[in-house]
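Visitor: Could you walk me through this one? I'd like to go one piece at a time.

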Amino acid sequence: MFGWSRKSLGIDIGSSNTTVVVDKRREILFEPTYVAYGTRASGARQALEFGATAKAMNGKTPPSIVVIRPLRQGAIANFDCASDLIKHLVHRTNTASFAPQRRFDVVASVPESATNVEKRAIRQSLLAAGAGRVTLVRKPIVAAIGAGLNVHQPVGSLVVDIGGGTCEISIISLTDLIVSRSLRIGGETMDEEISAAIKKQHGILIGEGTAEELKDRVGGAVLDTASGGSVGVKGRNAVTGMPVEVIVPIEDIVRPIMVVLDSIAMAISDVIEQAPPDIMSDVLENGVMLTGGVACMKGICEALSARLGLPVNVADEPNHVIARGLSSVLRSKRLYKHITVNAE
Ligand SMILES: Nc1ncnc2c1ncn2[C@@H]1O[C@H](COP(=O)(O)OP(=O)(O)OP(=O)(O)O)[C@@H](O)[C@H]1O
Ligand SMILES: [Mg+2]
């Protein structure tokens with residue numbers, strides 16, 4: 001049950017980014033899901049940096065510092081680290097109007113793919129971070145609300161959220177899921193595919209950050225035009241271990257992205273096929289609404305639309321859709337009471 005008398009926070013712990021929304025004030029914190037730990041003289045670990053600062057340190061740390069990503073593919077992989085990050089973010093919301101030392105309630109969004117064990121891990125990490133009461137809500141419906149779709153009407157809306165580690169495809173009507181499918185692939189799968197392709201074709205090893213930058217900067221820019229050209233990529237020679245820069249055809253960056261988009265398009269088609277005929281006509285008319293960080297990629301609408309034969313639209317500020325959805329849920333408690341999930 002929602003507990004609304006105390007201060008409430010909306011929290012989405014994503015594979016790549018974590019969002020915290022503070023009720024009423026509409027303050028939003030959006031930080032990469034990374035924590036950097038140092039080792040004390042006693043041997044104990046101590047959290048040093050969080051979010052963007054920790055992400056910038058990833059892959060560049062001396063042996064005394066380790067950067068940990070507490071989530072993988074939408075599920076908590078490191079419980080203590082997830083709690084440390086939440087504790088830190090909640091502490092940052094500590095102003096005159098919100099004192100987290102007084103207990104607070106949390107509404108947290110969870111992917112449909114989460115198992116009971118994974119849901120319990122999210123709940124427990126929030127409790128360990130100091131939450132008094134935790135309510136889990138269904139992420140695809142929160143995303144649809146945040147994308148501005150009228151989820152309460154008897155109209156089918158097809159929402160596709162592509163994050164770092166998950167892709168959730170859902171058809172929603174009357175504030176409930178008609179059909180849905182969760183894939184454990186996303187923007188980070190594209191990064192991994194790009195790294196593997198560059199290693200295979202050019203024999204150089206690149207870090208996570210370089211692969212992500214290539215995807216965001218180069219891959220997206222040419223997805224819709226399929227133009228030629230090439231780009232300089234810096235990395236380490238896989239044989240000699242020496243730093244090198246090689247000229248990589250843009251095609252070698254676009255192709256791995258397309259492999260992931262093909263899987264996503266196939267899953268979207270599957271979901272559409274399972275929908276009842278009347279819903280199908282709504283979907284044909286309104287098309288697909290894209291949310292999540294990968295929806296920021298230039299040309300993704302055209303690429304998916306060509307594969308699906310349907311109109312594809314991107315929500316406003318797609319990486320802040322969950323934050324807007326959580327804000328709405330916090331504001332209209334009663335309206336959204338039934339989108340909660342049980343962790344048992
Ligand atoms: N302009 C861009 N082009 C391509 N990809 C982008 C762009 N901006 C962000 N991304 C990618 O979006 C992903 C992060 O999206 P988002 O913040 O929605 O994920 P998340 O909610 O943390 O993950 P998940 O929901 O899968 O657990 C990253 O892989 C990031 O590289
Ligand atoms: Mg997400």
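Predicted model: local features only at pLDDT ≥ 70, side-chain atom pairs only at ≥ 80, totals over all residues.

Guide: In H7, the buried residues are Ile253, Val254, Pro256, Ile257, Val260, Leu261, Ile264, Ala265, Ile268 and Ile272. An α-helix has 3.6 residues a turn, so residues three or four places apart point the same way.

Visitor: How far apart are the end C-alpha atoms of helix H7, residues 251-274?
Guide: Helix H7 has 24 residues, and at 1.5 Å a residue it should span 34 Å. The model agrees with that, because the distance between its end C-alpha atoms is 34 Å.

Visitor: Which helix gives the largest share of the shell around ligand 1?
Guide: Two helices, H5 (187-202) and H6 (208-222), each supply at least two residues of that shell. The largest share is four residues, and the helix they come from is H6.

Visitor: How many residues of the shell around ligand 1 are polar?
Guide: There are 22 residues around the ligand, and Gly14, Ser15, Gly163, Gly187 and Gly293 come nearest. Three of the shell residues are nonpolar and four are charged, while the polar ones number 15.

Visitor: In the open sheet of E14, E15 and E16, which are the edge strands?
Guide: The order is E14-E15-E16, with antiparallel pairing. An edge strand pairs on one side only, and that picks out E14 (204-205) and E16 (243-249).

Visitor: And what is the bridge partner of Lys234 in E16?
Guide: Strand E15 covers residues 230-237 and pairs with E16 over seven bridges, in the antiparallel sense. For Lys234, the partner in E16 is Glu245.

Key. Residues numbered from 1 in each chain as written. Chains lettered and ligands numbered in written order. Pairing = 2+ DSSP bridges. Near = placed C-beta within 6 Å. Nonpolar A, V, L, I, M, F, W, Y, C, P; charged D, E, K, R; others polar. Expected span 1.5 Å × (residues − 1). Buried ≥ 20, exposed ≤ 12 C-beta atoms within 10 Å, placed from the backbone.
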